[in-house]
Amino acid sequence: MSLLHAVFATADSPSSASSSPWHFFGYFLDHRSQDLSWLWTHTWLSVVPVIVGLLIALPLGWLSRRYGWLYPPMVSITGLLYTIPSIALFVLVPPLLGLSSLDPLQVPIALTVYSVALLVRVVADGLASVPEEVNQAATAIGYGRARRLFAVELPVAVPVIAAGLRVATVSNVSMVAIAGTIGMSNLGQLFQIGKDLSTPTAYYPPIVLGIVLCVLLALVLDALIILATRLMTPWRRAVPAK
Amino acid sequence: MATGGAGEMIGQVFSWLTDSAHWRDTPLDTGITTQLLAHIKFSLIAVGIAGAIALPLGLFIGHTRRATFLVAGANALRSLPSVGLLVLLTVMIAPHFHGRTDVGFVIPTEIVLVLLAIPPILSNTYAGVDNVSPAVTDAARGMGMRGRQILFGVELPCSLPLIFSGIRSATLQVIATATIASFVPLGGLGRFIYDGLQQQDYPQMIGGGVLVAALALTADMLLALIQRLVVSRGISGRFSKSGGAAADAVDAAITRAEVAPV
Amino acid sequence: MIRFESASKTYPDGTVAVDALDLVAPSGQITVLVGPSGCGKTTSLRMINRMIDATGGRILLDDQDVAKVEPAQLRRGIGYVIQHAGLFPHRTIIDNIASVPLMLGTSKKEARAGAMDLLDRVGLDQKFARRYPAQLSGGQQQRVGVARALAADPPVMLMDEPFSAVDPVVREQLQDEFLRLQSDLGKTIVFVTHDIDEAIKLGDQVAVLRVGGHLAQMATPAELLSNPVDDFVANFVGRDRGYRALGFEAVGQLPLEPEPTVSLESSFAEASKVATDGWVLVLDAGRHPQGWLAIADGPSAGSDSIDRGRLRRGGTVASVDGTYRAVLDAALSSPTGRGVVVGHDGTFAGTLNATQVVALIESRAGAAS
Ligand SMILES: Nc1ncnc2c1ncn2[C@@H]1O[C@H](COP(=O)(O)OP(=O)(O)O)[C@@H](O)[C@H]1O
Ligand SMILES: [Mg+2]
């Protein structure tokens with residue numbers, strides 16, 4: 001780390017004053033503890049709502065699959081939620097739930113609502129993607145409803161659900177940054193700082209650092225989901241017999 | 001703000017929204033009407049430009065199956081944080097414009113909004129054309145339709161449902177993200193959210209949120225309506241199913257009767 | 001007439017799908033290309049309308065080299081029907097059928113009127129006109145596919161496994177109607193199938209292809225059954241071909257036996273008087289055979305009339321100019337062993353038993369050798 005620091009420092013001397021976009025790494029090193037803490041908050045704000053959202057969406061999706069009449073209203077209501085802009089939802093959550101404005105729970109709750117909205121449909125469609133013969137075969141060999149759900153339907157639906165999780169997670173990373181602009185402490189703060197420091201002349205490092213860290217976070221989370229999906233669905237890697 | 005229940009706050013937001021003074025411009029403040037129109041204008045321009053780029057491109061890629069990497073490339077744009085990009089472009093571009101014009105803020109905003117709107121329109125248009133049954137395009141070719149006739153007479157109408165869903169999600173994202181244009185700072189409904197935040201005027205801030213949500217819902221409903229009018233019932237499946245099914249059952253019975261051994 | 005002159009197709013990946021094919025599909029007839037999957041049938045067919053361009057040799061359509069005609073122009077004069085119909089999902093049935101005439105500049109009104117007539121011709125009710133393809137069964141869609149190909153009245157039709165995706169009962173019905181339609185229209189048809197039974201049923205002549213796109217044999221169905229050129233064709237044509245070949249030869253003069261009959265209105269007593277070996281054939285008032293009555297079954301309960309419910313109706317009925325196969329089947333399926341033969345108008349003509357039919361078949365074989 002210190003070697004890298006040295007390299008960057010010499011490339012961009014004097015280190016802390018440079019406003020070059022490429023100085024973002026030096027900027028990161030100079031404000032390491034602050035940036036890492038924002039990165040950490042950003043990460044859990046991106047991940048936890050998706051996990052909670054999935055836990056809520058699983059039973060809802062299953063219900064709207066099990067009772068077909070539930071599907072249309074469930075999909076329209078959750079679709080409607082998805083049309084509400086994130087920033088609007090951030091500011092609407094406190095008054096609706098009786099929280100104070102800028103409550104730390106405001107953002108995760110709003111993001112959880114989005115994740116549920118997206119994932120209910122995904123879970124229902126994923127379960128619907130399980131071929132009917134597979135379900136019948138499971139029933140025929142004596143699986144009960146619960147066992148069939150956990151041992152057959154959900155595993156087979158994993159690819160569809162995982163695709164939904166990827167969309168939810170990647171868009172969460174971007175939405176968390178938006179929450180940064182209304183004062184929440186996460187990587188979005190870097191954009192606030194960059195904007196404030198850019199008068200009268202542009203000061204790029206925090207802005208570029210924020211973008212780089214957000215993109216990296218999105219890519220890493222996306223890759224983790226892909227990896228987890230592969231581990232959970234070994235049969236999809238089987239080469240079809242010719 | 002810790003005091004006062006949810007009910008009280010909702011009441012205050014309601015009176016903020018219904019106070020006609022807030023809708024008019026004053027020498028000091030820009031009213032809701034003006035900001036709403038500005039918000040609609042930003043969004044329309046962005047969706048319009050994105051559509052003008054992504055629709056023909058998606059149709060071309062789907063029809064020729066060439067340059068499909070562009071679709072993947074556009075999808076990679078989705079992981080860019082829109083606020084970050086907006087601040088970056090503003091810092092880069094705004095200083096080049098001086099005086100009373102807000103062009104220096106409009107350009108970065110529109111770039112971000114267009115970049116945001118392209119991936120859903122492009123990938124859905126491509127997927128729509130790509131999903132048209134090969135039997136259908138084969139039949140079209142076999143009856144002597146030329147490339148253009150197949151594209152506009154068959155592939156485009158068949159992909160409309162997916163194209164519309166792409167345009168609808170692009171529009172929703174653009175309306176939502178146009179809000180953060182006020183962060184750089186520019187007009188639009190986001191103004192109320194950021195001003196309210198700064199002035200600790202929470203009814204104004206939440207009122208702004210309500211307005212953005214209402215605009216998004218209205219736009220989506222409008223597009224849904226257009227979609228209903230434009231998409232063939234043969235594809236949307238909005239034909240009288242009951243009548244069709246019953247008739248099919250009768251036909252099946254007739255068919256069986258006709259071929260029964262005599 | 002369509003003529004393949006050592007036409008070949010090598011795909012870019014090196015696959016030789018068709019190898020120097022020489023073949024003539026005569027005007028006004030159905031030429032069937034049949035062979036195992038992957039033998040190059042589809043490739044051969046699609047080279048005719050240039051959906052695929054030949055890489056060697058040439059294909060002549062009425063002495064015109066298709067390679068010299070602009071593809072779209074060429075295709076507009078050739079009807080094309082494929083396995084899954086490929087109907088346009090966004091157009092109503094009537095507009096699907098009118099597609100080609102509209103493209104050729106026919107007025108909308110005229111094109112739709114023509115499409116309505118075609119709906120009739122392919123055996124679909126006019127009420128389907130305003131429906132969309134998704135509202136039709138597979139068999140109905142396939143009929144629309146045929147109607148659409150016929151709409152501009154092209155002299156030539158190319159059909160690639162058009163009936164393969166529907167269930168056997170509907171398939172049989174579609175085949176019968178297709179033959180009826182062709183007897184009216186007399187198109188030049190090239191028909192691709194992997195089903196040898198379909199080939200034999202529909203073809204005026206059948207071309208058997210082997211994998212690699214080689215023509216193994218080109219013959220009429222009867223010839224193919226009776227005289228396969230090699231083991232490949234013999235195997236492909238399959239078992240029972242001796243029996244199936246009987247289906248292509250009319251018997252000619254039938255040495256019919258007289259058979260005592262009664263009418264449905266006759267009394268049971270009358271019936272038992274004329275019965276032979278305990279059986280009597282019952283006709284209706286128009287002398288159409290109704291079924292065999294077993295004297296042992298007795299009369300209708302509490303009367304002296306014939307119990308219609310007990311007539312044995314299982315036997316098939318052969319026509320006086322029927323094939324050996326039809327007559328033999330009538331004999332074998334009759335409960336009495338006496339096969340029922342009717343005249344052209346469907347009225348009873350006489351009976352013939354299996355021994356007599358076999359004697360006919362043998363005397364024919366003897367005459368042949
Ligand atoms: N586009 C293509 N590229 C490469 N090989 C092909 C292509 N289309 C067909 N083939 C090959 O050519 C051969 C003949 O194919 P086809 O004409 O479709 O056969 P059939 O219709 O008799 O089943 C097969 O071996 C097939 O795999
Ligand atoms: Mg084929």
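**Reading the chains and rings**

Mentor: Chain C has 14 helices and 16 strands; helices (H or I, at least four residues) and strands (E, at least two) are DSSP runs, numbered from the N terminus. Keep in mind that this is a predicted model, where local features need pLDDT of at least 70, side-chain atom pairs count only at pLDDT 80 or more, and totals for chains, interfaces and linings use all residues. Residues are numbered from 1 along each chain as its sequence is written, chains are lettered from A and ligands numbered from 1 in the order in which they are written, and side-chain values use heavy atoms, with hydrogens and water left out.

Trainee: What does the C-alpha trace of chain C span along its principal axes?
Mentor: About 80 × 55 × 30 Å. Of its 369 residues, 49% count as buried, where buried means under 20% relative accessible area, exposed over 50%, and partly exposed in between (1.4 Å probe, protein chains only).

Trainee: How do I read a pair of aromatic rings?
Mentor: A ring pair is described by the distance of the centres and the angle of the planes. Rings of Phe, Tyr and Trp (its six-membered ring) pair if their centres lie within 6.5 Å; planes under 30 degrees apart are stacked, over 60 edge-to-face, and the rest tilted. Over all chains, the structure holds seven aromatic pairs. Take B:Phe183 and B:Tyr194: the ring centres are 5.6 Å apart and the planes at 40°, so this pair is tilted.

Trainee: Which parts of chain B does that pair tie together?
Mentor: B:Phe183 is in the loop between α8 (147-178) and α9 (190-198) of chain B, while B:Tyr194 is in helix α9, so the pair ties together parts 11 residues apart in sequence. Both B:Phe183 and B:Tyr194 are buried.

Trainee: And C:Phe232 with C:Phe236, how is that pair classed?
Mentor: Their ring centres are 6.2 Å apart with planes at 15°, so the pair is stacked. Both sit in helix α10 (residues 231-237) of chain C, four residues apart, about one turn of the helix. C:Phe232 is partly exposed at 24% relative accessible area, whereas C:Phe236 is buried at 19%. Elsewhere, ring pairs link C:Phe163, C:Phe178 and C:Phe191 into a cluster.

Trainee: What about a charge over a ring?
Mentor: Look for NZ of Lys or CZ of Arg within 6 Å of the ring centre and within 35 degrees of the ring normal. A:Lys195 lies over the face of B:Phe183, 4.7 Å from the ring centre.

Trainee: Where is B:Phe192, and what does it touch?
Mentor: B:Phe192 is in helix α9 of chain B, and it's buried, with a relative accessible area of 6%. Contact means heavy atoms within 4.5 Å. Not counting residues up to four places away in sequence, B:Phe192 touches several residues, among them B:Trp16, B:Ile32 and B:Met205. From B:Phe192 to B:Ile206 is 14 residues in sequence and 8.3 Å in space, C-alpha to C-alpha.

Trainee: Is A:Ser64 buried or exposed?
Mentor: Buried, with a relative accessible area of 3%. A:Ser64 belongs to helix α3 of chain A and touches A:Leu70, A:Tyr71, A:Met74 and A:Ala124, again leaving out residues up to four places away in sequence.
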